[in-house]
Amino acid sequence: MGLGPDHKVLVVLDHGSRFAKNAGNPLNITLKESNTSRTVGKCDKSLWTWCVEATLELHRVVFDLFSGEHDAGCARLVRLVLADCVGRVLQPRWGTELVTQQEILNSLSAIGLPSTSDDSDGVALSGITLAIEALSQLSDAQIKGDGSCAPKKKEGRTKEERSNFSRVPKCWETPSTSSVTSESDRKVVENTGSVVIFTSFAEDERLTELENEVADVINCRNRIIKSLQDNSFSCINHVKLYIINVLPNDQISTATSKPFREISPTLSSCIFSRPAGDQLISVIHSVSINIYDLVSTTISGIPMKEEAQQGQSAVAINYDVELLHRREAHTELERLGLVTTNATEDFTGTLMVYAGSATYPTARLVWSTPVPKGRWNTFPRNRHASRVTPSAVNSRPSVCLSSYLLQGRNVMLEVTRVAKCEGLLSNVGAKLIAHTLIAHGGHIYIHANDVGPHGVLDCQATREKMQLKKAANGRISDFVALMKESSLHLPVPDKTESNEKPLSATSAVACVQPRRQLLRVTRYWPLRTDHCFIYNIPKRFDALFAIMRQPQLSTVDADKCKQVIHQLAALKDSRERLGEVTTATRLVKEGSSREDQLRIAFLEMARHLGNYINHSEKHAEASLFHVFHLFLQSTGLERSVKISTSDVTVVDRTRMKRQEPTTANFAVASASAMSSAASEVRNMSRSNSPLPKKPRKSMYLWKPNEVVTFTCNSVASYSSHDSETLNLYDYLVEKEERHHRAHWVDFVGRVKAGNRPAHLYPNLDLSAASAKQD
């Protein structure tokens, strides 16, 4: 994303004697007494005060709309330049974030009011020069984007950090030809910006002279930049100049406003001539709209109850509130022709109007009372969301609207029936809702909704093709319980444990504890009810499952688990029915005996309790010993089910690509758990005979140490940063061995012999064979 003129903005404040004059627009000071109010005095502001308020308003709009940017390249930066007999830049460097309002207030309060004895006429040349010099200085985002953060060092010279007191060549100085840097050595950076100048002239000729001075200063500065041996500066490609000509209300002036026009190849300028007052705030909104590509939306028809006057009842009056936000929120309306980006076009049949004395148009939308009990699928689809800020932040309607939204409510904005919206279908009941205002995280956002049919989402043929079949027999309630069991919480730091216990090797793996927890409890977790048996009998097993889900078991909990297991083991000798007759599962065939149902239930419960065997010692005691030694051995199923005591392994796959290809850490956590479980089965058996080796054809053999790089999208994408190095030979060999270990059963003769020597042919009569030989 390129850095445009909105990235760096300079505001030049004239601190001359002209701005010490009163604005001639006194404000009434009213005092409220019971139900009436009376004027007790008047207060007049100076031109300097109005300019400072306009500057703070510009900063407020930028801060409200762009302060949440996480990308440093999208940061909007503002610096203030004071133009007087000396000239100074109030912020020494651009920095990486927008300057705060408190820093601006501290800088301006230290300066004080303009002096009436100063005879400087208008903006001093020093203020313009400092602004262009500051604009030629690259910001951190521009330096990073340039790729050459540090300038090339010459022999015998060391680089020194530039401070705000270091001397920069002025525009009127002649550059030295001996220090000229060739164009091939200098990196080209697109350096643009905007300059806002507050001045006070009564003639158009003086404003034209000011524009020409700025153009000359830019040209001089570019010539000096070409001679500088400092890559933290760059030539200025283009500047957008906004001249705000502030005049007292009682002064006769011939100065006029002018739209944008090109003064030179590097300068475009526009002029706003307005008397000091509320119109100045409207002008600064117009400037912010031009610089930051904003639009205005006015919410009309906001119902508010006014306070009752003496002898009258309260009445409801509809108010309007204007909001500023990014242009992307009006993309859908622009596509349909309901709003326009060109202020000179005819607004007939559109939503665009001019409100009051505003210098820019606004899109008028109507307040629509939200339905508090509306279902979620009745809300329209959203295309874009961006922050909003009221144009009159301190007005009573704006405060009421902001408080209403920050309380968790929403406001829908309806499109009025204008000529160009004919043929558009309603998207919320009988209304055509274009936007929705909702607060997120303490900030108010405007959501742009779909207006009109969507080419893909509303296509009936696409819906029929992409319609998913309803999943039957899903364990929905058990899945909800699994999500609650696997919910994430912030850990409570324990200083004693962190000082005493060293960090383990797995601590470097991201989210190692929740991932291990999820791998444990899903070692056996059927997705459908017809793929399991015990989960369909809640009255028998829910009590045990609820206790085992706890992260830690007390002695009382462990005794309860043992009691439930004893009760289930006692069902073998009783005639009590295990479950319902109509239990639908594939594990139990129709007409199966009670013994088969008990065997399936015991096997499945052993697999379920194996999920929690590594939670704690009490879990292992309640599941391993009692399940295995109590009813598995009594039913003769100990050879069919082996409960593994090894824990799952969590692997950081992001670090595996930096390891050697010969390492065997390529398996995922579930595969590692299967491998460890298979080895545990072998260890629990009565013999440790070696695995039989099967001959394999040479055509299926991978060459040793053959390395292939896999990526998330393609096998052949070797240059992807998400690639992972994998040794196919080691992978397939381990996969084949793991498959044989899991299904391998020891020789029956060794099993029956136990710890005694096993005879190969126990029924062979060797005496009869020797008699025949004799």
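Guide: Helices (H or I, at least four residues) and strands (E, at least two) are DSSP runs, numbered from the N terminus. The model is predicted, so local features need pLDDT of at least 70 and side-chain atom pairs pLDDT 80 or more, while totals for chains, interfaces and linings use all residues. Residues count from 1 along each chain as its sequence is written, and side-chain values use heavy atoms, without hydrogens or water.

Visitor: Where is G41, and is G41 buried or exposed, or in between?

Guide: G41 sits in strand β3, residues 36-43. Its relative accessibility is 23%. Buried means under 20%, exposed over 50%, partly exposed in between (1.4 Å probe, protein chains only). Therefore G41 is partly exposed. T30 is 11 residues away along the chain, and the two C-alpha atoms are 7.3 Å apart.

Visitor: What makes L766 count as exposed?

Guide: Its relative accessible area is 60%, against the cut-off of over 50%. L766 lies in helix α20, residues 766-773.

Visitor: How do you know how α13 is oriented to α14?

Guide: The axes of α13 (residues 538-548) and α14 (residues 555-570) come within 10 Å and cross at roughly 155 degrees. Therefore α13 is roughly antiparallel to α14. α13 passes α14 in a left-handed crossing.

Note on methods:
Axes are lines fitted to C-alpha atoms, for helices over the stretch in contact, and angles run from 0 to 180 degrees between N-to-C directions. Angles under 35 degrees count as roughly parallel, over 145 as roughly antiparallel, 65 to 115 as roughly perpendicular and the rest as oblique. A crossing is left-handed if the near helix is turned anticlockwise from the far one by less than a right angle, and right-handed if clockwise.
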